[in-house]
Amino acid sequence: MQKPGSLAEYVHLHPEGFRVAYEPVALPHLPRLKCPHQEITSVRVSDTMTAPKVSPRGCIGKPLASGWCAEHQVAQELLEIGAKLRYPEIFMGKTGARGIFCGLIHWERYAEVTSAKFLKEDVNVLRIRFDL
Ligand SMILES: [Zn+2]
């Protein structure tokens with residue numbers, strides 16, 4: 001019996017045209033008037049606990065053709081990589097502490113709330129990991 005292929009093998013065995021290109025699902029469709037990136041900060045709720053809070057202002061960057069501003073354009077790159085991999089569950093970061101659950105909705109949410117710095121790191125890691 002043949003061993004099931006790894007995700008990296010799958011990506012290389014299937015040409016670009018085999019995959020469905022990224023199209024926004026939960027994020028607003030194009031063209032956008034506003035970059036959908038959301039800033040998440042930690043709010044202290046007690047002496048020992050913090051809670052995540054979405055900045056109500058949102059990103060003020062002007063959206064480019066992709067629908068993201070120049071700073072958050074890397075979110076689009078992440079989603080395009082996600083489309084190539086078919087949105088698997090994946091872990092990144094130095095200790096694998098940052099992760100995305102399986103499915104396009106989770107990939108979009110991750111792209112929407114993760115800082116540009118971490119998104120750049122993640123895109124580099126995924127390009128190397130899957131030879132993209
Ligand atoms: Zn932005």
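I call a residue buried under 20% relative accessible area, exposed over 50%, and partly exposed in between, with a 1.4 Å probe and protein chains only. I am working on a predicted model, where local features need pLDDT of at least 70, side-chain atom pairs count only at pLDDT 80 or more, and totals for chains, interfaces and linings use all residues. Residues are numbered from 1 along each chain as its sequence is written, and side-chain values use heavy atoms, with hydrogens and water left out.

**Entry: Val45**
I looked up Val45 and found it in the loop between strand 1 (40–44) and strand 2 (50–54); helices (H or I, at least four residues) and strands (E, at least two) are DSSP runs, numbered from the N terminus. Val45 counts as exposed because its relative accessible area is 53%.

**Entry: backbone**
Most residues other than glycine have a negative phi, and most peptide bonds are trans. The bond from Leu30 to Pro31 is cis, with omega near -5°, and Pro31 sits in the loop between helix 1 (7–13) and strand 1.

I then noted two positive phi values in residues other than glycine: Tyr87 has phi near 50°, and Asp131 also has phi near 50°. Tyr87 belongs to the loop between helix 2 (73–85) and strand 3 (90–92), while Asp131 is in the segment after helix 4 (116–129).

Asp131 goes down as exposed, because its relative accessible area is 58%.
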